[in-house]
Amino acid sequence: MNESVGFVEHLRQILTSWGLYDENSISPFAVWKFLDALDNKDAFINGFIYTLEVSILALLIATIFGTIGGVMATSRFKIIRAYTRIYVELFQNVPLVIQIFFLFYALPVLGIRLDIFTIGVLGVGAYHGAYVSEVVRSGILAVPRGQFEASTSQGFTYIQQMRYIIVPQTIRIILPPMTNQMVNLIKNTSVLLIVGGAELMHSADSYAADYGNYAPAYIFAAVLYFIICYPLAYFAKAYENKLKKAHLTR
């Protein structure tokens, strides 16, 4: 922290000597406000780490729910497909903010109390699990029907077909849309702000309210979200282009 303060103070002196630092400025984009936010970087770093933790665990849940749901959605049994359809339609068509409110306010009435971190992981994870389920289902259906027929003729059970033949091919197909879901999941952790979660958006909002430096707070938050999301989005686009080129050269 002392090293950070020393750096900020040194930067403040340089900007003052250049005539760019004015503590009397009331502009929301005044340089002194950004330096003050940098002085309080720990609040943003803690929110950044909290967001990563929620995102990783929520992604794990979304992947588990989505994979199971996607496989069930391609089942030959209508009742199994119906259960999956109910889950997908329910979670996709009810706003995430309402689902978080339900976990936060309704569950205690039923005698179930969860901390905000768990609410974030379960809420965001289950919500995106519905979207991942559709991605997995589409990926499975994109595998040529002949693969199913060939594995069936070799005596594979349905589970063996999925495990050894279909899912490995599906992963390559669904990787770009899955990466996009990861990006959306990370950004959607910001809804925890409404129930007092300590994620990045809440940290920025709390700092802005305490110090009145709204522009630096939200700009810093945007930069940190960008640092997480852009590499994933870039990878998804690059991998998708690679698949297109491979398809064209066949």
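A contact here means that heavy atoms lie within 4.5 Å. In this predicted model, residues 24 or more positions apart account for 75% of the contacts in the chain with a separation of 6 or more. The secondary structure comes to 10 helices and zero strands, and buried residues make up 36% of the 250 residues in the chain.

**Overall build**

- From the N terminus on, the order of elements is α-α-α-α-α-α-α-α-α-α.
- The chain has an accessible surface of about 14,300 Å², and carbon and sulfur atoms hold 66% of that surface.

**Annotated spans**

- An unreviewed UniProt entry places the feature "transmembrane region" at residues 48-74, 86-107 and 215-236.
- In the model, residues 48-74 are 96% helix and 0% strand, with 38 Å between the C-alpha atoms at the two ends of the span.
- Residues 86-107 are 91% helix and 0% strand, and the end C-alpha atoms of this span lie 21 Å apart.

**Nonpolar cores**

- The largest nonpolar core has 28 residues, of which L96, I100, I140, M162, I166 and L192 touch the most other members.
- Two or more residues of this core come from each of α3 (41-73), α5 (96-109), α6 (116-142) and α8 (158-188).
- Helix α6 provides the largest share of this core, with eight residues.
- I100, one of the core residues named above, is in contact with I119, G123, V124, V191, L192 and V195 when its neighbours within four places in sequence are left aside.

- G66 is located in helix α3 and counts as buried, because its relative accessibility is 0%, where the limit for a buried residue is under 20%.
- Not counting residues up to four places away in sequence, G66 touches G129, V132, S133 and V136.
- The C-alpha atoms of G66 and S133 are separated by 3.8 Å, although these two residues are 67 residues apart along the chain.
- T179 belongs to helix α8 and is likewise buried, with a relative accessible area of 3%.
- Beyond residues up to four places away in sequence, T179 touches L232, F235 and A236.

**Salt bridges**

- The whole structure contains four salt bridges.
- R85, E89, E134 and R137 are linked in a network of such bridges.
- R85 is partly exposed at 31% relative accessibility, whereas E134 is buried, with a relative accessible area of 16%.
- E134 also forms a salt bridge with R137, at 3.2 Å from N to O.
- E134 and R137 are separated by about one helical turn, because they are three residues apart in helix α6.
- R137 is partly exposed, with a relative accessible area of 22%.
- K41 and D42 form another salt bridge, in which the closest N and O atoms are 3.4 Å apart.
- K41 is partly exposed, with a relative accessible area of 26%, and D42 is also partly exposed, at 35%.

**Aromatic groups**

- The structure holds 13 aromatic pairs.
- One aromatic cluster is formed by F34, F44, Y207, Y211 and F220.

Notes
Residues numbered from 1 in each chain as written. Predicted model: local features only at pLDDT ≥ 70, side-chain atom pairs only at ≥ 80, totals over all residues. Heavy atoms only, no water. UniProt positions renumbered as here; feature names shortened; annotations may be inferred. Helix = DSSP H or I, 4+ residues; strand = E, 2+ residues; numbered from the N terminus. Core = buried A, V, L, I, M, F, W, Y, C linked by side-chain atoms within 4.5 Å. Buried < 20%, exposed > 50% of the residue type's maximum accessible area, 1.4 Å probe, protein only. Areas by Shrake-Rupley, 256 points an atom, 1.4 Å probe, with all protein chains shown as cover. Salt bridge = Lys/Arg side-chain N within 4 Å of Asp/Glu carboxyl O. Phe/Tyr/Trp six-rings, centres within 6.5 Å; stacked < 30°, edge-to-face > 60°.
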